[in-house]
Amino acid sequence: MQANLYALVAVAVVALITAVIGGFGIRFARTTSDVLVAARTVNPRWNAAAISGEYLSAASFLGIAGLVLKEGADALWYPVGFTAGFLALLLFVAAPLRRSGAYSLPDFAELRLGSAEVRRVATGLVVVIGWFYLVPQLQAAGLTLSVLTGWANWIGACLIALIVITNVVFGGMRSITFMQAFQYWLKLTALAVPVFVLLLTQASQYTNARATAGAGAPPAFTENTTVRVDTDVVLQVTEPTQLTAVGGVDGAVDVDGTVYWGVGEHEVSEGTALTFPAKSAVPVVTGAPAHNDDWLRPLYGGAGDHPLFETYSLMLATFLGTMALPHVLVRFYTNSDGRAARISTLFVLGLLGVFYVFPTVSGLLARLYVPQLLVTGRTDAAVLLLPGAVLDSWPARLLGGLVVAGAFAAFLSTSSGLMVGVAGVLSTDVLHGRAKDFRLAALLAGLVPMAMAVTIPPIDIARAVGLAFAVAASSFCPLLVLGIWWRNLTDAGAVAGLIIGGGVSVAAVFGTLLGLAPGGWVGSVLGHPAAITVPLTFLTMVVVSKVTPKRVPSDVARVLARLHAPERLGLTPGPNPNRTGTVRRPADQDAVNRAGRHRR
Amino acid sequence: MAAAPAGSAADGAADDAACGGSRRRWWPPWRRWRGREPLSIETLALGRRIAADLTEGLAGPRARSAARGIRRVLAADAVGLAALSGSMVWAGHPLPEAAQLIEDVMRTESVAVLPPFIAEPLQVNDELVGVLVVTSVDGTVSQPAVREVALWVAYALERGRLESSADIAAQAELRALRAEISPHFVYNALTVIASFVRSDPDRARDLMLDFADYTRYSLARHGDYTTVADEFRAIEAYLALQRAVLGERLRVQIRVAPEVLAVAVPYLVLQPLVENAIRHGIEPRPEPGLVQVHGEAVGTECVISVEDDGVGMDPELAVTLLSGHGDPNCVGLANVDRRLRSVYGPYYGLMVETAQAAGTRVIVRVPRFQPGVVAS
């Protein structure tokens, strides 16, 4: 249990630093009695780190490496999409949304369309998307704690949910910019350092590894390995394997001893322990590519029957879904103006681009060093197990602790951001509340996803988050894009689009999460609904708006002018345009003087 | 510390209850035929709706809806409302012959009857504002009935006018209050700047610029709203001057979360609070004092508190000041309180925590987003 100690210390340190930064410290506080503190707006770079910190969830930290381990090249669309979503955000939404002054998506809907109905529907969808996004975070926390301590999954999920709820309710962990920025760098370090260490220490083996990875062979165990199966699985075996099994295999209930598996599919029931000899081929859960060359090839890795459709659907969901995530948009409010919003989005693209290199490499390393996860299918633990599988003694524990710290940073930052966002809309729109109801709302915002996380069987984290992206892309993306760029949008069109697109995608997601989806086309569409629902929502909004032209808000010209006019024209909010106006000062000298004075 | 909550939740609750009174009672079928109370209540409700529709005048967007209501009251074939501007709305089928009749009424300012029309002038304060035309082909609508309705319409129009002029007056009053700069402060600031001119010209120049910033911001005439960031810049300029005036007696601490800097707030809601803290908390006594300004985001709200450890006051006095019944020269608190309430609703009034010799803390709460509140 030595490794656990390191990990638990790491978790405690993360919690402590978070509390220190959040509680006492840097609320932009430079607090001495004789400094007149400038209430300066946040630098776009800081804000970019904060956006990235809040955005990089368990799906990015754990989920992507797990999917790469299982599905290979196809899984790369997740990091690509999670990053590219900010490009769409930058191009279509960032600056106009910031200029609108809206704090949340329902605010934007009300401001643009002047309709309480649209606001209500938007509120409902924010809550649903927030919950869909929270569930995999909590489940990932459960998985991490169970890897760490052997507890059941639900304990960890409830624990993290309660920690975050407590923080939000009692006012800690407010969405503080500097804390979130710190979380980004923590997450990056926690993934990058182990990857570099592993690459450097294991460099000699790579020629060998490259040869096997490209070959048409399945991945192989590096040593004698015992795997415990937590849920019933069906494994596909591509090379005849001799192994030791204790538990239920292929219909036999009480197996205890050597089993010989031929090529084909084999059922393993819950609670079984399988021990594979070194160098034997790794059986893989059905649906995942069994051979390394399939794993490396696009469109062979996905679990569905129509990989091309699913890939396009995933691209649509992630490219367009990012702009509609409640906790991301709230961060943009901190930018001082539209220009700063664009600049910080640009930085976010860079920061995320750097970050996503590491989960991808981790997934690749996991294929070599922890292939036993392929047997259970719970590949999301790959990043957590990697240091221990490759290194020994204290470096392994140290790196393991670092990774766990990063994972907890991921759960905490994203979950609290989401919970604050959901609680915010709940308290303003549903509970008719003011500050005192915020606590009740926070409780509600946390307990419902906690219950969902415990009851809904977990699927791959990145995939579950991808579903939340699909709902966002099929509801708010059209609302934002049409609301900002098309003057003929009406409240009736918006409501119809949100209800139809949002409703269909939510139904699809529920179908998938509850495992109701059959195979074939239906299963593919339900598992990856965006390619159908996004165009459907756009179409609904446009058609219904065209049918109800009289309902175009009368102030549409004024609102759109405010959204699109650059701040320097003086039509829109932003840094006071007059400050550069009437008082003429010798610019350089004056800036030096004033800066000096304020720092004194 | 005793608390004197100004914008208490009770106010809000009372307002909510007052607004929700338009429910109509359901009557069982065996009572409906008697038709006494339900009819009168319905008529009353109809009259109220007509009056509400007319608040924006005869040329307003809801004049047609008012005409429809009148047509129902009179059971007439058609009802027209003509405004002096020449705009005309009809409920029911308009007949072209009415135009001449309206001309006549506008000229003579007296009732004109030309079956099937009855045209009645609408007068507010003895001044003609429009014409009510009623068409009744079968002659069932009597002239006295039309006269009564015309009086009701005129009454509703007058109320609408009064309301809008009251709004304008209130806005003008708020704007006038906004521009109040203490002459005492101007004098002190200029004197202290003068004292630095020879000994420390750079500091004098900085202070002069701060003074310029402060006056421009306080006297600005553009827009009703600004951002928290700009408000804090003005506060900084003010504090720089006050520190020069008061020297070591004034210590200041400002902590603002960057999340709230972009929030739009009414002009000069924070600065008067800081001025108050110094003028009434720190200045009256010889010892040094600390003024703390904190701003942070709480849920969907932005909470800003201004706190001094100065002389404080009796909570009763705070209540009097907030209700605007105090010294007419010290209206800063009441002014800020009223402006916040008029923009954000009764819940968002100021909160004052104070006691004798225990300092004062004033808390401002504003929602981060409020439709119509945009910094300019």
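What follows H4(B), and is its phi positive or negative?

Analyst: First, the ground rules: this is a predicted model, with local features needing pLDDT of at least 70, side-chain atom pairs counting only at pLDDT 80 or more, and totals for chains, interfaces and linings using all residues. Residues are numbered from 1 along each chain as its sequence is written, with chains lettered from A and ligands numbered from 1 in the order in which they are written.

Now to your spot: H4(B) is followed by B:Ala75, and its phi is positive, near 55 degrees. The helix itself covers residues 63-74 of chain B, 12 residues in total (helices are DSSP runs of H or I, at least four residues, numbered from the N terminus). From first C-alpha to last, H4(B) reaches 17 Å, close to the expected 16 Å; that expectation is 1.5 Å times one less than the number of residues. The buried residues of H4(B) are B:Ala63, B:Ala66, B:Ala67, B:Gly69, B:Ile70 and B:Leu74 (buried means 20 or more other C-beta atoms within 10 Å of the residue's own, with C-beta atoms placed from the backbone). They sit on the same side of H4(B) because they cover an arc of only 160 degrees around the axis, taken from the directions from the helix axis to the C-beta atoms. As a rule, an α-helix has 3.6 residues a turn, so residues three or four places apart point the same way.

As for nonpolar cores (buried Ala, Val, Leu, Ile, Met, Phe, Trp, Tyr and Cys residues joined through C-beta atoms within 7 Å), the largest has 255 residues, and A:Met419, A:Ala473 and B:Val274 have the most contacts inside it. Helix H6 of chain A (residues 116-149) gives the most to this core, with 20 residues. Apart from it lies another core, of 36 residues, including B:Ala82, B:Val105, B:Phe117 and B:Val134.

How values were computed: Helix = DSSP H or I, 4+ residues; strand = E, 2+ residues; numbered from the N terminus. Buried ≥ 20, exposed ≤ 12 C-beta atoms within 10 Å, placed from the backbone.
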